[in-house]
Structures are given as C-alpha cells and as structure tokens.
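Here's a quick briefing to read alongside the model. Have the viewer open and follow along, topic by topic.

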Amino acid sequence: MNKFSWYEAKSLEDALQQVNSTVSEQLYEHSGKASVFKSGGVDVFDLVKEGLLKPEKIINIRNIPGLDKIGYDPKKGLSIGSNVTLAEMASNPDIKTNYLALHQAVNHAATPQLRNMSTLGGNIAQRNRCWYFRSADHECFRKGGDRCFARHSDTGENENHAIIDNGSCVSVHASSIATALMAFNASVVIVNEEGEKKEVHMDDFFVTAGKDIAKENILQAKEIITEIILPAPSKNTKSAYIKQVARESYDWSLGDVAVVLEVSGDTCRTASIVLGAAAPVPYRSLEAQQAIEKKTINSENALAAAEAAMSKARPLTKNGYKVPLFITTIKQAILEIS
Amino acid sequence: MDNSKPGNLSICKFLRARNPYGMMEGGEDPWLLLDDANTISWCINSAGAMGPDNGLVSPMECKKGRSCFVSQQADTI
Amino acid sequence: MDTRKEKFPHGIPGHNLTEIEREIPIEEPPVWPVNDELKVIGKRVTRIDALEKVTGKAKYTSDIKLPGMLYAKMLRSNVPHAVITSIDISKAESLPGVHAIHLIENVRKEGEENNNGKYPMVKYAGQPLGGVAAESLEIAKDAISLIKVNYEEKPFVIDIEAAMELNAPIVFDEPITQQEDGGDVGETHDGSKGEGNVRGPSTSSFFGGPRGDLEEGFKEADVIVERTYRTQVHTHMPLETHGVVVDWNPDHMMVYASTQNTNAVRNEMASIFNLPKSKVRVFCDFMGGGFGAKHSAGSFGPMAANLAKKTGRPVWLMLDRQEEHIAEGNRPNSIQSLKIGARKDGTLTAIQQRSHGTAGVNLGAGVGRIAQILYPCPNFATEQYDVLTNAGPGAAWRAPGNVQGAFGLEQAIDELAEKLEIDPLKYRDLIDKSEVRKVERQRGAKLFDWSRRQAAGSGKGVVKKGLGVGQSTWPRFVTLDSSVEVKIHNDGGVEIRSSVQDIGTGTKTILAQVVAEELGLPVAAITVNIGDTFFPVGPGSGGSVVTGSITPPARNATYEAKKALLKLVAKKWETDSSELFIEDGQVGSKKDAGLKMPFKEATKLMRTSQISKIASRSNDYGGFQQPWGLAYGDLGSVQFAEVSVNTDTGFVRVDKIVAAHSCGRPLNLGQLESQINGGVIQGVSYALYENRVMDNGTGHMMNANVDQYKVPFSMEIPEIETLIVEEYGARSSTDAYGIGEPANIATAAAIANAVYNAIGVRIYEIPITPSSILKALNKVS
C-alpha cells in the first residue's frame with residue numbers, strides 16, 4: 001500500500017472539485033497523480049492493498065450529507081441514496097415488501113460485516129474479481145496489458161469466468177445486487193461538476209468490455225452517483241432472485257438470476273430477466289424474456305426460457321458447468337414466481 | 001532399506017525433515033530416512049528446498065561428496 | 001532387575017475389557033484404573049486458557065512488541081524459474097525508516113570453487129530472496145517494492161503431468177542417482193524414463209517393503225478393481241501465519257516463534273548461526289495453528305535473525321496470507337493408480353499401488369502407508385514417485401501422504417465391496433482385523449443409522465442423498481526425547497515446565513489434568529509453563545505424538561515429586577510414606593483415617609523452597625513395535641458421511657459426519673471432540689473446496705488469499721457427531737495418545753463414497769465441484 005493523503009469531502013461540489021480521476025482510469029493508465037473517491041472503501045482499499053491502485057489522494061465521500069436515505073412512494077417508486085449501506089437495504093421493509101428480488105440479492109451479498117461497510121454506490125461501481133485482474137503479477141487488457149490470461153486455451157484458469165460476451169475480457173461483474181437492480185429497471189442518478197443531474201438506466205450504466213476495455217461503467221472522473229431509483233411496481237409485479245455459490249456463508253456468485261415478471265393469473269405479461277456472473281456486465285437476456293412473455297408460467301415454458309437464455313453461451317475451457325447451472329437457476333427463479 | 005533400525009548414513013548437518021514423526025534431525029537416529037516418500041527435506045543452510053549449490057535437497061543427495069556437504073562432526077563451536 | 005509386575009486395564013470397556021499383567025520399571029507410578037474411576041482424567045475439563053483466548057488477552061507471536069523493535073518484510077521472486085543477474089537495493093536503502101537489507105547469497109566455503117553464482121537460483125515464484133527491516137511494516141513493504149531484481153528467465157513447468165513429459169523443462173538439472181533401496185529411478189507410470197523431474201520410486205517404509213507376489217495374488221483374484229485417483233494441492237492456512245520475533249542480545253538469541261516445535265527451531269537456529277543450544281531460547285506461549293507446516297524456522301527465522309544481527313534491534317517478521325499460501329508448505333497432490341484383487345469370499349489377494357505427486361521444488365509427495373497396513377493382504381507393493389515442479393515446497397500436512405492414500409484406497413475398497421455384492425461396512429468387518437475399528441463400526445453405524453443406506457443412485461428427485469463410510473489408521477508414534485519438570489513450591493503452588501508447545505489443541509490443559517489427578521488437586525491449582533526451550537525438551541506437535549510422549553513423563557515426574565513431599569509428611573506423622581496419599585487437596589493415611597493435612601500445609605514442611613523432579617518418556621510397557629519409538633497398535637478411525645447432491649446444479653452438501661475414533665485412554669473429552677471437529681471440517685474442505693490454483697503460463701498461484709482459496713465457513717460445516725472409543729493398551733503410565741492426524745484422514749474418502757451412493761457415478765478426483773458432478777452426470781462435456 002502506498003502513502004496517500006486523505007480528504008474529507010463536505011459536499012458533492014467539494015468532492016467533485018477535488019477529484020481528478022477514476023479508479024478504473026488509474027488501473028488502466030497508472031498515471032500516479034490521482035485523486036479518487038471512496039465511499040465504503042471496501043473495493044478501493046482492496047485494490048490499494050493489493051498494490052494495483054496507487055492514489056495520491058483519497059477523497060472520502062462517505063460522509064457527504066443527504067446521500068444516506070431510502071425513500072419509498074407507492075406511485076413514484078424507490079430511491080436509495082448512494083451512501084446507503086447494504087445492511088440498511090437488507091433490513092428495509094419497503095424493499096422487502098415491494099422489491100423482493102432486490103431484498104434477496106442484498107441479503108445474499110457478502111457478509112454481515114461487509115454489508116455494514118459497503119454502500120450501494122460503491123457496490124455497483126466496484127471492479128471485477130477476476131484473479132488475473134486482481135493480481136499485480138498479471139498485466140491484463142483491463143490494466144493496459146496485451147492479453148487476457150483467463151481466456152488462454154491451455155493455461156487459462158477460468159472456472160469462475162464469463163460464458164457470454166467473453167470476446168475480449170472474460171471477467172464477470174462483481175455486483176450481484178446490480179443483477180436485481182437491472183431486473184427492476186433501476187436507474188442511476190449521476191451528478192457532475194456543474195451540478196447537472198442525469199438519470200441513466202442500468203442497462204446503459206454498465207460498459208461492455210468490447211466497447212471500452214478500461215472501464216466497467218460509464219462514470220467519468222468528475223461524476224458521482226447520488227442515488228439509485230427504481231420504478232414503482234404494479235400490484236401484478238412479482239420477482240425472484242437466486243444466487244449460486246460454492247459456499248453459502250459468503251462467496252462470489254458463480255451464476256445469479258433476477259426475474260421480475262408482470263403477471264396476470266398464471267400468465268407472464270412482461271418479463272425482465274437478468275443474469276449475473278454470466279458476462280462481463282450484468283446481462284439482460286432478451287431471449288429468455290421473449291421466450292416467457294405471453295406464456296403460461298409453468299415448468300416447460302420456464303425451461304424453454306432458460307435454454308433460450310443460454311443460446312448465446314460460449315463457455316471457456318473450465319466453465320462449461322455454468323450453462324446447466326444457469327438453465328436450472330433461471331428455470332427455478334421463474335417458477336418461484338408462479 | 002533395513003527396517004530393523006533407522007539408517008545411519010552420514011548425512012549433512014544442515015539437512016532437516018519438515019515432517020513431524022519424531023526426532024527429525026540427522027545424527028544417530030535420522031528419522032527422516034524412514035519414510036522418504038512422505039518426508040519433505042529442508043536445507044537449513046540455504047533455508048529452503050534447494051541446497052547452496054542450487055541442487056535438490058534430500059537424504060539421498062545431501063551426503064559426503066556434495067560440494068556443500070558439512071559433516072555432523074564439523075562442529076566449530 | 002528393578003522391575004515389578006502389575007495388572008493393567010486392557011481392551012475396550014463395554015466390549016472386551018480385561019486385565020493384562022505387565023512387568024514395568026520399579027520407578028513407574030502405580031496403574032491408573034479406567035477413566036470412570038478417575039477424578040479429572042477423561043472428563044470434560046474446560047481449557048485452562050479459554051478465558052485468555054476468548055478475551056484476546058492471550059499473546060501470540062505477532063502480538064509481541066519489544067522496545068526498539070523493527071518490522072521486516074521478505075523480498076520474493078516474481079518469476080518461477082530464473083538465474084538472478086543482479087539485485088539493485090540502492091533506492092530501498094535510501095528510503096527513510098529502512099534500517100537493514102539482507103539478501104540471501106551463496107556463501108562459498110573456504111577455498112571452494114563453483115559456478116553457483118552470487119544469488120541462489122530461483123525455482124518458484126515466491127521464493128525468498130532477501131528481507132528488509134524498517135521502522136514500520138508499511139515502510140518495509142515500500143522498500144521491498146523499490147528493490148529491483150534482474151532475472152535471466154528459464155523455462156519452467158508447473159503442472160505435474162507436464163513435468164513428467166520427456167521434453168519437460170527440468171527443475172533440477174543434476175544427474176539422477178540410484179536410490180539407496182535399489183529402486184528404479186525416474187520411471188514414469190507408463191514405463192517411460194522421465195528425464196529428470198521424476199524421482200523414485202519409494203517402495204518401502206517403516207512398515208517394511210513389498211510383500212508376497214503380486215502376479216500370483218492377482219491370479220488368485222476373482223474380482224479386481226483398478227482405478228486412478230487424483231487429489232489436489234492443499235495449503236495449510238492456519239489462522240496465524242508463520243513468523244518470529246528475534247531479539248538477539250549479546251548473551252543469547254531470543255526467538256518468539258509461531259511454531260509446532262520450539263525445540264526444532266532452537267536447534268535449527270543454533271546450527272545456522274553456530275551458537276551453542278544453550279544460547280538460543282525459543283518461546284511459544286499461544287499458537288494459532290500449524291497443521292504440520294510449522295516444524296521449522298523456515299526461511300523467515302534466519303532472515304529475522306540476520307536482520308536483527310545487522311541492526312542490533314529486535315525484528316518482527318510475520319508472513320502475510322499470500323506468502324503463507326505460496327512459500328510455507330502444502331499438501332502435495334497425487335495421481336494414484338490402485339489395483340486390488342479379492343476372492344469371491346472377499347479375501348484380499350493383492351494390492352498394487354503406484355503414485356506420482358508433486359511437492360513443488362521438494363521431494364516427499366508420497367501417498368502414505370495406508371494401503372500397506374490398513375487391511376492385511378499377503379501380496380502388496382507400492383511405488384511412490386516424486387515429480388519436481390516450479391512451485392512452492394510442500395510440508396507435512398496432518399497425516400502426510402495418508403490423507404491422499406485413504407482417498408484412493410477407501411474408494412477402491414467400496415467399489416470392491418459393490419462388485420462382491422457386500423455392504424461396504426460389512427465388507428470392512430470381513431477384511432479389517434482391527435478390534436477397535438470393529439467397535440467403531442458397530443457403534444458408529446448405530447449412531448449414524450447406516451441401515452438407511454439405499455442402493456447407489458436409487459434416490460428419486462433432483463437432490464439425492466447418499467451415505468458413505470471411510471476408515472483410517474495412524475501409527476502410535478512416541479518421541480522418546482520428551483521431558484518435563486514438575487515443581488512443588490513451598491507456598492502450595494504446583495508448576496509443570498517443558499519446551500513442548502500447545503499448538504492450540506489443549507496440551508496445557510491435559511498436562512494440568514495429569515498433574516492434578518496424580519496430586520489429588522483441582523486442575524486450577526496447577527500452573528502450566530510450557531513452550532520455552534529453557535525448560536526440559538518436549539516433543540514437536542506433529543505425528544500426533546504429543547499426548548503419548550509428554551503425558552507419561554508428566555505423570556512420572558509428578559509422582560516423584562509427590563513421593564518426596566509425602567516423605568516429609570511421613571516423617572512428621574512418624575509413619576511410612578507408602579501409607580500416605582493425597583485426595584481432594586488433603587494428605588491422608590491409609591492406616592489412620594483421622595490423620596489429615598491440607599496440601600498447602602504439607603508443602604510448608606520443605607527445607608528448600610521447592611521440590612523439583614524431572615522425568616523423561618520411558619519406553620513403552622511391553623516394548624515398542626520398532627525400537628525407536630513406534631508403538632504397538634494403531635489409532636483407528638471410522639467416519640460416516642451423509643451428503644446431498646443437487647443433480648441439476650452439481651452442488652454437494654455434506655449434511656452429517658459421524659466420526660468414531662480411538663486414542664487409547666481419552667484425557668479430555670471436550671478437547672478431543674473439538675480436535676475431531678477440526679479434522680472433519682478440514683476433510684470436508686479437502687473433499688469439496690480447497691484447491692491451489694496455479695497458472696501454468698505464468699507460474700503464479702491465482703488464489704493465494706482467503707477469498708478465492710475456499711475453506712468452509714459456518715454454513716458449509718456439517719453436523720458432526722463424535723464417538724470416542726476408550727481403548728486401554730497398558731503401554732505407559734497414562735496410556736493416552738493423540739488424535740490430531742487420525743481426525744483428518746478418512747473424511748474425504750467417506751464423502752466421496754457417499755457422493756457415489758447418492759448419484760451412482762463415482763468421482764475419482766477432489767475437490768468435488770459442481771463442474772465435476774455435472775461432468776460425471778454427462779450434463780457438461
């Protein structure tokens with residue numbers, strides 16, 4: 001860990017004035033004169049401790065007032081401040097009642113200790129957990145290097161890696177909460193230096209490796225997440241979330257699925273199906289959505305949707321098991337709603 | 001290997017086993033010779049699995065004749 | 001001869017308990033009856049240091065803080081195979097706060113000429129090259145990152161099978177020599193000659209060499225099972241990493257060490273720095289686990305001492321988790337082929353074993369002796385080969401070799417039973433001659449309800465249940481160089497001293513129990529001062545030797561001290577000391593029930609301030625199996641596993657383990673259960689989770705942390721029921737043995753057999769993962 005100075009940001013304006021880079025920029029370019037944000041600090045300090053990130057200054061945005069509220073309005077929906085901790089989300093009754101899949105995802109994330117520390121903004125902006133990316137001894141594409149070690153056909157250790165959209169980088173996004181947020185069509189509210197706010201749909205917030213290898217989301221240096229908003233569910237909205245992990249106590253997802261359906265009786269009217277740990281970003285499966293929409297929710301149709309989702313899967317040398325794992329999990333998540 | 005008694009080869013003073021069965025040094029009762037397939041040897045002179053001559057450490061090789069060999073008797077205290 | 005004859009309890013209570021007469025040295029204490037008739041032995045005595053541990057008051061090595069102490073960090077290679085051309089330390093040296101840098105260099109003996117180069121060759125990524133001592137750990141780390149090592153890189157090989165290829169990069173290029181026991185050299189499993197990375201085979205052990213005639217044996221067989229089993233590299237991961245604090249004073253070297261063997265560390269440091277043993281003091285009060293990797297001063301011990309020497313200050317050097325995974329030991333992997341033949345009636349006719357394993361840059365990757373001794377079989381041979389690779393060295397790991405060996409053998413026996421159409425538990429009744437395992441099978445099967453077991457793969461539904469069993473054996477090793485001192489002070493205090501360390505299993509507590517039982521005092525009245533090489537030499541905490549080695553001298557020394565005290569009382573009471581005894585803290589007389597004297601008052605009769613008696617481990621009553629301390633009998637165990645396998649996702653969950661064990665006379669049931677729980681959890685972990693992942697292209701370990709190197713957490717730990725079978729062998733004054741290693745040997749095999757029972761397809765490789773289950777079920781290609 002290098003020496004860095006600490007700046008306690010008092011307001012959004014203050015923070016945005018201080019900052020000059022993003023964690024992702026630094027991991028890619030290693031400019032060395034960087035002032036970057038940290039909120040809960042869980043991921044940022046992991047990167048610093050591993051010697052991957054060497055900031056000159058860390059700007060603490062954790063104590064900026066006004067970013068720590070959860071608000072729910074049956075008409076407008078849910079708003080979660082970017083500094084709300086996962087622990088606060090996990091125990092929030094509005095989330096549990098109206099956004100069950102999100103409640104399940106949060107309660108499955110990390111450990112109670114980490115949920116106490118982690119903020120939602122930091123959670124969705126965290127970097128991936130590919131062990132090559134996290135190793136100072138491996139300069140991969142995402143760190144400005146010239147190769148993807150995990151994809152190597154002889155030596156790639158890729159059992160935890162992507163089966164979809166794994167053309168350049170084969171890491172999977174680390175946030176399993178993002179899987180559920182995307183399924184609920186959440187938007188990320190971002191403010192810039194001029195104080196302008198924009199609302200970005202989750203589908204547009206994450207950046208695929210093919211588009212820009214240096215980053216996993218659209219955030220620029222002089223931008224900060226202030227809240228995440230979820231549209232109000234109708235009384236026919238039902239949801240489910242399942243995460244497959246090697247260890248139940250605490251582990252990274254091997255494959256997680258969030259399903260949000262508008263139902264009428266036992267028929268699915270519209271579907272929102274998102275897969276986590278399948279691709280370098282949370283992956284919305286249009287194929288699965290199309291396969292189940294306007295259909296009766298039953299075992300046969302759920303399986304058809306699951307298989308449709310996997311039609312684009314191109315497993316690597318060691319992660320072929322993820323295909324049957326996802327088929328089972330998607331099917332099960334859909335059927336939990338019936 | 002004669003199993004009635006542990007071997008008493010004149011092995012190097014700096015050879016140790018990283019196994020726990022009993023007395024793991026050389027000398028009169030070098031346990032480390034007893035079960036070589038499961039005994040992990042260690043050179044305390046180079047503090048590793050490789051001798052000071054960059055060669056493999058093992059009871060079979062850390063004997064008189066090897067350039068880095070030091071006999072048990074070569075006690076300079 | 002100064003001996004006497006005495007009758008000892010012998011056998012298993014509730015099964016075949018009887019008495020046996022032994023001729024024992026006259027100075028040995030009188031026989032202890034079975035545990036039921038003892039006060040504190042065999043009871044659930046709370047750990048004497050429990051409060052210190054749970055409150056954080058206990059000081060571990062990393063907690064040691066000394067005036068002027070510096071913090072050290074090691075420099076390690078980041079390439080797997082290279083010659084070092086130069087090392088530039090100039091930037092690191094000039095970093096404020098850096099006090100010394102020590103590089104490991106080849107030191108030529110006087111007049112010696114060689115081409116070894118200035119620095120040792122690099123043989124694996126993570127190999128220690130040097131160290132920095134600085135005012136803080138952060139500065140030391142910064143300094144390490146400023147050291148520039150220039151490498152001339154060489155081809156390397158990580159994968160065991162790639163290393164066995166004829167054209168593989170060579171890890172050690174000196175010529176291969178014929179083995180001492182005449183074994184062939186460098187032959188690979190298919191008969192080809194390995195060019196240098198394959199060493200062996202080892203064909204014999206302390207249980208002897210090959211037996212009978214394999215060919216004849218297989219001819220006699222009606223049924224043969226022949227399979228190949230694979231196990232992974234498993235790192236130790238004790239909660240406390242390796243490390244020392246070295247305080248090198250002008251008059252002696254003080255080493256605070258996280259070690260399983262204070263005595264070995266003392267001897268190593270004395271040899272390395274050419275000091276008399278009396279000038280090196282190694283101290284380990286509390287110990288955060290070792291599992292076999294902490295028998296040595298390693299490379300960090302001498303490094304800390306060299307830095308202490310250069311700076312004249314105490315030096316703290318604890319490894320971090322990554323270093324712990326990479327450089328301080330692992331359980332080698334294995335590829336074992338096993339061929340077993342049996343007659344129709346089940347009688348074993350031949351066992352042939354051939355194994356290859358890699359302990360990285362080291363030898364010692366055998367698969368143990370379990371196939372040789374668990375079941376009697378007239379025709380047996382083993383060939384165990386080592387394969388050298390450019391990876392971190394192995395170290396002893398809780399029953400070295402045998403855990404790998406049991407995974408193969410106990411699955412093969414299961415498969416044989418199935419071919420013979422016999423229940424696998426009944427089949428073991430037939431071929432296993434061990435009386436204690438017979439009792440363990442009976443009692444264990446009842447507790448586990450083995451009768452629930454269905455035919456393999458017959459369960460309905462997606463999640464299938466399976467039951468399996470696995471057995472193990474472990475020799476009763478004794479370290480004869482085991483001594484204690486017992487002191488009775490004239491203020492009533494009682495103290496026991498030895499260099500033996502408490503690895504965390506409760507050695508301090510059982511020593512207090514033994515002394516308390518002998519003196520008729522409460523356990524709390526005994527002070528235990530151990531883990532200090534200024535006290536009499538004790539055994540290393542490995543080989544499950546501690547209890548069997550150190551408790552008999554503890555009792556004998558106490559007995560001697562008690563006799564001396566009772567003589568003083570006898571003098572005062574004008575009677576014979578042989579008539580006196582101590583019970584419930586009072587000295588009493590067999591002749592006159594009216595005579596009573598509190599223990600504390602009796603100690604005031606001393607002319608000196610203390611009575612001090614030292615005793616060493618005497619030979620086993622009835623003699624040893626091997627003269628150097630391999631005891632009779634075995635520490636048998638039978639473990640039962642219940643698993644659930646999700647046939648859609650491939651996840652395996654271990655629901656329950658019943659672990660039936662014996663360790664002679666049990667001393668402390670609570671601690672034994674705790675130790676068995678630990679062994680079982682490690683076994684679950686070995687079967688399903690832990691796996692060192694190396695990148696074959698870069699030579700680096702990819703999961704050298706606690707995040708991606710998976711050990712089970714609370715939700716993964718099954719219900720564990722332990723069953724301890726008391727077994728009296730009349731072999732020493734305590735007749736007690738350890739349980740450390742036996743607790744870990746059979747678990748993975750039992751789980752693998754249970755998985756087979758669940759899904760009807762056998763998995764020959766661990767860890768068993770969703771991927772391997774789905775492949776076995778043909779759901780993934």
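**Three chains at a glance**

Chain C has 781 residues, and a compact globule of that length would have a radius of gyration near 28 Å; chain C comes in at 28 Å, so the two agree. (That radius is taken over C-alpha atoms, and the globule rule is 2.2 Å times the number of residues to the power 0.38.) Keep in mind that this is a predicted model: local features need pLDDT of at least 70, side-chain atom pairs count only at pLDDT 80 or more, and totals for chains, interfaces and linings use all residues. Residues are numbered from 1 along each chain as its sequence is written, while chains are lettered from A and ligands numbered from 1 in the order in which they are written.

**Chain C overall**

- The C-alpha trace of chain C spans about 85 × 75 × 50 Å along its principal axes.
- Chain C holds 19 helices and 31 strands; these are DSSP runs numbered from the N terminus, with helices being H or I of at least four residues and strands E of at least two.
- Of its 781 residues, 58% count as buried (buried means 20 or more other C-beta atoms within 10 Å of the residue's own, exposed means 12 or fewer, partly exposed is in between, and C-beta atoms are placed from the backbone).
- Take the contacts in chain C between residues at least 6 apart in sequence: 79% of them join residues at least 24 apart. Two residues are in contact if their C-beta atoms, placed from the backbone, lie within 7 Å.

**Domains of chain C**

- Chain C splits into domain 1 (38–61 + 479–616), domain 2 (158–421) and domain 3 (434–476 + 629–776), with bounds from an automatic or database domain assignment.
- The centres of domain 1 and domain 2 of chain C, taken over C-alpha atoms, are 37 Å apart.
- Where these two domains of chain C meet, 18 residues of domain 1 are in contact with 28 residues of domain 2.
- The domain 1 side of that contact in chain C has five nonpolar, ten polar and three charged residues. Here Ala, Val, Leu, Ile, Met, Phe, Trp, Tyr, Cys and Pro count as nonpolar, Asp, Glu, Lys and Arg as charged, and the others, Gly among them, as polar.

**A closer look at Gly699(C)**

- Gly699(C) sits in the loop between α16 (669–688) and β31 (719–725) of chain C.
- Gly699(C) counts as buried because it has 24 C-beta neighbours inside 10 Å.
- Leaving aside neighbours within four places in sequence, Gly699(C) is in contact with Val79(C), Pro80(C), Ala125(C), Phe156(C), Ile158(C) and Asn390(C).
- Val79(C) is 620 residues away from Gly699(C) along the chain, yet their C-alpha atoms are separated by 7.1 Å.

**How the chains meet**

- Two pairs of chains are in contact, and chains B and C share the most contacts.
- Chain A and chain B do not touch, and their nearest C-alpha atoms are 23 Å apart.
- The contact between chains A and C takes 27 residues from chain C and 21 residues from chain A.
- On the side of chain C that touches chain A, helix α19 (residues 770–776) of chain C gives the most, with three residues.
- By class, that side of chain C divides into nine nonpolar, twelve polar and six charged residues.

**Chain A**

- Chain A has 338 residues, for which a compact globule would have a radius of gyration near 20 Å; the value for chain A is 19 Å, which agrees.
- The secondary structure of chain A comes to 13 helices and twelve strands.
- Buried residues make up 55% of the 338 residues in chain A.
- An open, antiparallel sheet of four strands runs in the order β9-β10-β11-β12 (chain A); strands pair if DSSP finds at least two bridges between them.
- The edge strands, each pairing on one side only, are β9 (237–244) and β12 (283–284) of chain A.
- Strand β11 (residues 267–276) of chain A pairs with β12(A) over two bridges, in the antiparallel sense, and Leu275(A) has Tyr283(A) in β12(A) as its bridge partner.
- Helix α13 (residues 322–337) of chain A lies across β9, β10 and β11 of chain A, at about 30° to β10(A). Axes are lines fitted to C-alpha atoms, for helices over the stretch in contact, and angles run from 0 to 180 degrees between N-to-C directions.

**Chain B**

- Chain B has zero helices and two strands.
- Of the 77 residues in chain B, 69% are buried.
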